[in-house]
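I opened my notebook to look at how the copies in this assembly meet. My entries follow, in the order I looked things up.

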Number of protein chains: 6
Amino acid sequence: MPYVNIKVTQEGGPNGTGPSTDEKQRLVAGVTDLLFKVLGKNPATTFVVIDEIPLENWGMDGRQVSTIRAERA
Amino acid sequence: MPYVNIKVTQEGGPNGTGPSTDEKQRLVAGVTDLLFKVLGKNPATTFVVIDEIPLENWGMDGRQVSTIRAERA
Amino acid sequence: MPYVNIKVTQEGGPNGTGPSTDEKQRLVAGVTDLLFKVLGKNPATTFVVIDEIPLENWGMDGRQVSTIRAERA
Amino acid sequence: MPYVNIKVTQEGGPNGTGPSTDEKQRLVAGVTDLLFKVLGKNPATTFVVIDEIPLENWGMDGRQVSTIRAERA
Amino acid sequence: MPYVNIKVTQEGGPNGTGPSTDEKQRLVAGVTDLLFKVLGKNPATTFVVIDEIPLENWGMDGRQVSTIRAERA
Amino acid sequence: MPYVNIKVTQEGGPNGTGPSTDEKQRLVAGVTDLLFKVLGKNPATTFVVIDEIPLENWGMDGRQVSTIRAERA
């Protein structure tokens, strides 16, 4: 009965505003399949929760991702 | 000083868009009371945080809940 | 399909080293029941994960709980 | 490679609707600097994620913060 | 720069006490690869953290997994 | 009433087995002070929880930190 939480920044995807519905489905299916293949975990009780984080709420290297992206643009 | 995080899918409730304010209050009161009764934890320092997750961001059985709900409809 | 995470300090319980097996069972049953009663959530797909945190790894008021407990002793 | 998650209520800040972009930047910089100074952690691989929680989704003392704030007003 | 947290019960694996080092490596590699393939995320800044939870600290269907396993034995 | 969770690998510190008690105290005090200075948050209701993660349970760049450390040794 695994629980998996995936946090990604709210960017990319078809509109630049984050993963599409289909991309999220591929994450859910991929993680569930991985846990079944590696550990034999039952897909029926494998939960996957995806959190999309605004760029200004995610920091790396002491700076917000919104700033990092603007510098590279 | 417990910290409790409750994650539910963003559905149900009075408008079908998730728990109502009152239902959230009942969750907060119920969890706080439970921790007091079972472990004697002080309500004043018991935190409860509720996260409401969009249906397409929650996966179970390798599929998004949005898909599971559509199939059953 | 709720997911609930309960974090408590590793203290109290029958030996002073944290909740007993039975106390954890009461937390699991109580939270699951609460989510069923308030939101109609299916117990079969309600997960509860309890984390027990060493006193020196939990801070409140700018101090470790291990220090707060020692001061009150 | 630390990972830090900061959860705050969605209030305060310049408009009363939560921390400003600049305040979030100061949190990101401050936490990253703290981990470097205390533990020597590399800022390049220090992640900071800020979650802003609606007042009715955060409980303390058995009541929602939205209720606590209204009572004090 | 995704962050992924995988929680599994502390069981199974070569000694029945949880995933082996190699199985954890396969989880890390698999999740990192999935995020690269589906969302183009840079593996260098993809973090994966695995938590192994004692059976009596994980509840499902209102009961501890330790109890569920004992009933099935 | 902020809640802060700091996850670090279980290494470094005086014995190479993770942060010392004093280092953790400095993290708790530093984060609490930061939230007070930047957002005016009350230290009395600021919680800080530190998780120390075994090296083989933390992955970066598709590999376990235990492997990364061994390669650099």
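**Entry 1: chain B against chain A.** I started with polar contacts, and between chain B and chain A there are 11 residue pairs in polar contact, both residues at pLDDT 80 or more. For this I took a pair of N or O atoms within 3.5 Å; within protein, one must be able to donate a hydrogen and the other to accept it, and residues adjacent in sequence count only if both atoms are side-chain atoms. The elements of chain B that give two or more residues to the side touching chain A are S3 and S4. S3(B) gives the largest share, 3 residues. Helices (H or I, at least four residues) and strands (E, at least two) are DSSP runs, numbered from the N terminus.

A note to myself on the source: this is a predicted model, where local features need pLDDT of at least 70, side-chain atom pairs count only at pLDDT 80 or more, and totals for chains, interfaces and linings use all residues. Residues are numbered from 1 along each chain as its sequence is written, chains are lettered from A and ligands numbered from 1 in the order in which they are written, and side-chain values use heavy atoms, with hydrogens and water left out.

**Entry 2: salt bridge and area.** Which side chains meet in a salt bridge here? I found Lys24(A) and Glu56(B), at 2.7 Å from N to O. The rule (a side-chain nitrogen of Lys or Arg within 4 Å of a carboxyl oxygen of Asp or Glu) finds 1 salt bridge across this interface.

Next I counted contacts, meaning heavy atoms within 4.5 Å. Chain B puts 11 residues in contact with 16 residues of chain A. Together the two chains bury about 1200 Å², with 48% of it on carbon and sulfur atoms. Buried area is the accessible area (1.4 Å probe) that two parts lose on being put together, summed over both. Asn57(B), Gly62(B) and Gln64(B) supply 40% of what chain B buries against chain A, more than any other three residues.

Entry 3: I then traced an open sheet of 8 strands, in the order S4(B)-S3(B)-S2(A)-S1(A)-S1(E)-S2(E)-S3(F)-S4(F), with mixed pairing. Strands pair if DSSP finds at least two bridges between them. At the edges I found S4 (63–64) of chain B and S4 (63–64) of chain F, each pairing on one side only. S3 (58–60) of chain B runs antiparallel to S4(B), and 2 bridges join them. Within that pair, Met60(B) is opposite Arg63(B).

Helix H1 (21–39) of chain A lies across S1 and S2 of chain A, S3 and S4 of chain B, and S1 of chain E. Its direction is at about 140 degrees to S2(A); axes are lines fitted to C-alpha atoms, for helices over the stretch in contact, and angles run from 0 to 180 degrees between N-to-C directions.
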